[in-house]
Each structure stands twice: as structure tokens, then as C-alpha cells.
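Trainee: I would like a close look at a single part of this model, the place where the two chains touch. Please take me through what each side brings to the contact.

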Amino acid sequence: MTETIVAVVKRDCPTCALIEPVLADLVDRGVVSVVHRENDDAGLEASWHLRIETVPALVRGDQRIVGWSRSQWEEFTGVAGLGEGLPDYRPGCGSRTVEPGLADELAVRFNGSSLRSRRVPLAELEDEAEALFDRGWTDGLPVVAPTEARVLRMLGGTSRGADEVVAVVPPDLVECTVEKVAVNAVMAGCRPEYLPVVLAAVEAACTERFNIHGLLATTYFSGPVVIVNGPIARAIGMNSGVNALGQGNRANATIGRALQLVIRNVGGGRPGGVDRATLGNPGKYTFCFAEDEEGSPWEPLSVERGLDPGVSAVTLFAGEGPRGVVDQASRTPESLARSFAGTLRTVANPKLPLAFDAFVVVSPEHARVFREGGWSKARLREELLTLLTIDGSELVRGAGGCDEGIPEALGGASWPKFRPDGLWFVHAGGTAGMFSAIIGGWINGETGSQAVTMEVGS
Amino acid sequence: MNARVVLDPTGERSPAVRQRVERPASLEGRTVGLLDISKARGDKFLDRLSQLREERGLRVARFRKPTFAKVAPVDLKHEISTTCDVVIEALAD
């Protein structure tokens, strides 16, 4: 044996009381170096740091045994004939460190100092919810108070270090740590297991490619839309089915909200400040949903965008509010594609080509038409690009009695409504209803925002 | 553990303690609110202050809390904050 053994016990555990003579014997022999007792603060702290869940426990490095089993203890300690007269086996008891109520308090007491965020004491007479509004920390809806205990619990949702920098968040260009994301995730109402998705969304939003700074500052409607793929969507209970773009699912609602709170609080991006939206859209509170991969006739969005199947991912898109496409009659992909094209042409303005991308959220009943017709996503995109190649004479300023449009000089050619990589499809929604949705984009390409797909870490 | 301590969710570029509104350099052209908290003879004190302000040509608005034993009602606070530039409160008897 190269390392000594430490023991952890608590007072009101009958098994701990039973094996006291055994521990005394092992201490005498020099096999056990120290006995931590959870009844005093030092013992409790030692137990907490050793992550003891059951007592009595014997710990040597990474190895540990819990409860009392003579044969196990003899093997672990290398001492034969332990606990003469004792029963062969007795189960242990729960450690005080995992007692409900106490566990959170201990996390703050022994680990709270690891948190770097400024502590803000609330005055005695302040209502907690009002206090957070008053400080300008909310999006207009109430938030959950980010206490140390809640933030520590949130941080349990990731294996990343609290002080790790996730992104530099515009517009103030502040280095945002995992901890700051966790604080805002608590406020948004996230559960700890959502945190990896929020972290990926924040990281993706703050890339040069996505350009959250420009998206925030624009007078246009758009905000970040978060689409989640892979096993994590189901693992954390996200909605990709009935009312997928709507209210009522905690993960959908709070992940998108947490991202926006990070932009607001850490980045300093606030409506009326750097956010100059003329009208905005309700999705700027939160706009996050999962793709229904199982029911889809196509490969998942994240796979089409280059990740391996089975990898959890977020895709961020600078989107406005969804507009509906109703088609209850088409039974062939050729016909249904024409309905899609008609609505897609209205993105931004029917007379403006190429400047705006779009995501099409294809519902199960519409997807069925494409499945039965044998259309792949690539085929659908190709057909739509063809249907949406418009004669310049229809698009020029003044055409159709409308002054908006492309310059007269460009009127001689035909123009595609979308760039070849500006049209994307995702499968979601309830199984009843021949309705799909189009989420129009913002200025696309290098001068605006490009969709970003990023793997969700642990 | 103090449940009333929260962690700052911001980039921490401004002070955690909210700043007071700056003291005006002059009361010229401003409305002075006089708040009686309903303590005995607070009204006498404020009557005198009111007289002094008005002699200087300042606008004065009078307010009264229903009871000194409770914080001011929200409506009263709202009215004071939207109609006055400064407030003088008669706190004790």
C-alpha cells in the first residue's frame, strides 16, 4: 500500500457506530490515517471535498468502499480478522453532505469562493423579483434570482470550468465565462442540464460569422434563432413536435432566453441602446426549438451542415418571426413546392432578391408529401431556386407600380430570390396540419450574418 | 448562506450600488415635493418650509403618507417621482 486510507463517518448512523471499534483498531495499526466526522465543520468539509455520498466510507486515492462488509474491508485494508463479533454486513447511511437543503448550503460554503461574479446584496425591503427588474437585468419578464446556490447547481450541468471564457460578447466586447453564462441561465429559468446547449449557443452567436453585434444593432426585425439537433434535444426534453415554435416547453423557452439575457447583461446589448430594432419580433424574448429527426424524411440539419450523425449541435440563424405557408391540397412535391415558393418570395419584399436567406420549418404532413414523392432536401432546394428565379423586369424599381426593387440597370437579367446556400430546411411540428413555416433572415453573407452550426459539448 | 445575495449577471462595467441622482446645482425652475410621513407636527415643519420655498418663487407640491408605520404606497411614490425634481421629507417628530 502506497497511500493511507481516510475514513468518513457521521454520528447518527448505526453502521458508523457499529464499526467504531474497527476504525479505532485500523487507526492504531496506522492503516487509517484520519477519521473525518461529519458532525463537526472540518469533518463535514473534508467529506464534501471527498464527494462522499454514503457513510461509513473508506477512501484511498480514487478507490472507495462504503457501508460495512467485513470481507470488503479486509480486502481494502489488507488487514485480516476485522470486527470480531460484528455482523458480516451492514448497509451505510446517506452522508450529511447530500442531505436535501444542506447540500446546497455546503456547496456555497465550501465552493462558493470559486465564483468570481460580483455579489450584489439585496436590501431588506426590496422584493426579490422587483429588485432584479430595477437593476435592468431582465428582458421584461420576471427572472429567477441568481443566488450562489442556484449558480453552483447550474454549473453542475457542465464539465467545463467556471472561469473558462466562452466568448467575447458584443457590443461591449466583454469576456464571458462559463460562470456568467450560468448566472444568466439561472435567471432565464434553465435547468442545469440545458447549460451545455446555452454555452454552445453563446459561443456560436459570438462568432465573426454569425455577427451578433450587427444583428443586435440592426433596425431590422431579426434576432438569434436556435435550432437544436442530436441526442441532447431529447435528453433534456426539448419540443420538436406539437407547437414546436410556440410556448410551453421549458427547455425551448429558457435556452433561447438565456442567450438573449447573456447578450443583454454581459454584452450590454439593450433595446434602445445598441439594439435599434424598429419593431423587433416576439422571438427576441426566446426563439429556440429542436428538429424532429425521427419523423423526418431527410438527414438532420446539423448533418447537412457538416456534422456527424448523432452529434448534438446548435444551429444559429438570424431570423425574424415565422410566417405560415398553408397548403392543404397539394399531394405532389411539384405542387407543394410552388406553395413554398410563393410564400418564400415574400421574404423581406417580393421584389428583393438575394439579400435575405430563409429557413423553412417543414411540418410532418408536408414532409410526407416530399417523402412519398421521393424528393431529397437537395432536390427541394434546387426546385425552389428554379421556381424563385425571377425576371428582372418584375423586380426593378417602379415595376408593378411599386418603387421598391432592384436598380433599373439590373432589370435585363433574371435573379434568384435566394443564394444556393441561403435556403435551409428543418423538420418540426405536430403531426396534424398541412402548414409549414418560413423564417426569413437578415442581411446574408459576409456583410451580414451567416448561419453557424456548432457541436454541443459536455 | 444569505439567500438575499445574488450574483451580478452583467459584464460588471458599472458600479453594483445604484448611483443617486445628482444634486441639482440650483432649485430655480424646479418643483419641490414636501412629504409628510404623518408623524406628529411634521405638517407644521413642512408648512414653514413651504412658505420659505414659495417666498423664493419655487413650485411646491405637498404629499402625505397615510401612516409613518408603513412604506409609502406605490401610487404615492409614482406621483412624487413623476411630478417633482427634488423631495424634502419630514422624517421625525
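Mentor: Chain A puts 28 residues into the contact and chain B puts in 14 residues, where two residues are in contact if their C-beta atoms, placed from the backbone, lie within 7 Å. On the side of chain A that touches chain B, the elements giving two or more residues are helix H5 (102–111), strand E9 (119–121), helix H7 (148–155), helix H8 (178–188) and helix H12 (250–266). H8(A) gives the most, with 4 residues. Helices (H or I, at least four residues) and strands (E, at least two) are DSSP runs, numbered from the N terminus. By class, this side of chain A has 16 nonpolar, 6 polar and 6 charged residues; Ala, Val, Leu, Ile, Met, Phe, Trp, Tyr, Cys and Pro count as nonpolar, Asp, Glu, Lys and Arg as charged, and the others, Gly among them, as polar.

This is a predicted model, in which local features need pLDDT of at least 70 and side-chain atom pairs count only at pLDDT 80 or more, while totals for chains, interfaces and linings use all residues. Residues are numbered from 1 along each chain as its sequence is written, and chains are lettered from A and ligands numbered from 1 in the order in which they are written.

Strands pair if DSSP finds at least two bridges between them. Within this pairing, A:Pro121 stands opposite B:Val5 in E1(B). The loop between E1 and strand E2 (31–36) of chain B holds B:Glu12, a residue other than glycine whose phi is positive, near 60°.
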